[in-house]
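Student: Could we go through this model together, one question at a time?
Tutor: Gladly, let's take a look.

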Amino acid sequence: TFITAVAGFSSVSLSNCPVVIRSNTGATVVYSNGFSYLAPGVITSVSPATGQLGTFVNITGSNMLTGGSLVVAAYVNGIAAIVNASSNTFVRLRLSAGPASSLSDVVLILDTGIIVTKALSFAYASPGLIAGITPSSGVGGTRVLIFGVSLRGQGSRVVSVSLAGTASTLVSETDNIVSVIARSAAPVSGDVVIVADSGATITSNNSWQYVASASVVLVSPSSGVS
C-alpha cells in the first residue's frame, strides 16, 4: 500500500511524467501525470571564497530550494556549517572550525532531501592565531596589546575584542597587532576573543584576568605644602 522511491537525476525540468511501478512478477502499474521534475538548483557564486571559524559565507544562485522550503544542512569541505538564512536565490552560512584546505565543495541539503552542490568553490584558510597578550591582567582603563597572525581572520578589519567576557574599546588594529583598552569588570579570568568584519573569530583561551581595582584608604598627612 505504500512505496518510497528516490527520484533519479534530470538536468532539465519535466512536467507531468508518468510514475511506473513494476513488480518482480512483471506486473506494471502506471500513474499518469504523477510526477514533475523541477529545474535543478544552481549555485552561481560563493563569497568569500576563503575563510575560517566564524566566517559568514554568502551563496547566490537560482532555484536553490528546488521545490523545498529551506536548507536544513550545509557542508563546506565536508564540515557542517550553520545555516543562517536560505531562499531560492540566497543562502548564508557561518563556518565551523576546520583545518586549512585547498578548494573544496559547498553542499546544501534541502528539507526535501535534494542536494545542491558547487564543486571546488571554497578553501579553509589557516586560522588566525593570538600569540601573545601584554599585559595579561589588569583593571578598567588598562591598555592591552594583542599580537598574532591573521588577526583579521581573512576579513578587512577587526570589529570587536572581548576580555574575559567584557567588551573592550578598540584603539587600533592590523593583521598582526590589536590594541584595546579594558573596560571595568569584576575580578575574573577568561578568554580573549577577536571578531573580524567577516564574522571570523580568533580566541585565546583563559588568557586575560581582571584583578581587583586599587583603592586609597588613607592619605597621611592629609595636608601640607609643596
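Student: Which residue in E9 stands opposite Tyr 75?
Tutor: Good place to begin. This is a predicted model, in which local features need pLDDT of at least 70, side-chain atom pairs count only at pLDDT 80 or more, and totals for chains, interfaces and linings use all residues. Residues are numbered from 1 along each chain as its sequence is written, and side-chain values use heavy atoms, with hydrogens and water left out. The residue in E9 that stands opposite Tyr 75 is Val 107.

Student: How many bridges pair strand E6 with E9?
Tutor: Strands are DSSP runs of E with at least two residues, numbered from the N terminus, and two strands pair if DSSP finds at least two bridges between them. Strand E6 covers residues 71–76 and runs antiparallel to E9. The number of bridges in this pairing is 5.

Student: Which residue takes a positive phi in the hairpin of E9 and E10?
Tutor: E9 and E10 run antiparallel and are joined by 5 bridges, with Ile 109 having Ile 115 in E10 as its bridge partner. The hairpin has 4 residues between the strands. The residue with a positive phi, near 95°, is Gly 113.

Student: Which are the edge strands of the open sheet?
Tutor: The sheet has 8 strands in the order E3-E5-E8-E7-E6-E9-E10-E4, with mixed pairing. An edge strand here pairs on one side only. The two are E3 (42–47) and E4 (50–51).

Student: Why is the protein chain described as more spread out than a compact globule?
Tutor: The chain has 0 helices and 19 strands, where a helix is a DSSP run of H or I with at least four residues. The globule rule, 2.2 Å times the number of residues to the power 0.38, is set against a radius of gyration taken over C-alpha atoms. For 226 residues the rule gives 17 Å, so the chain is more spread out because its radius of gyration is well over that value, at 27 Å.
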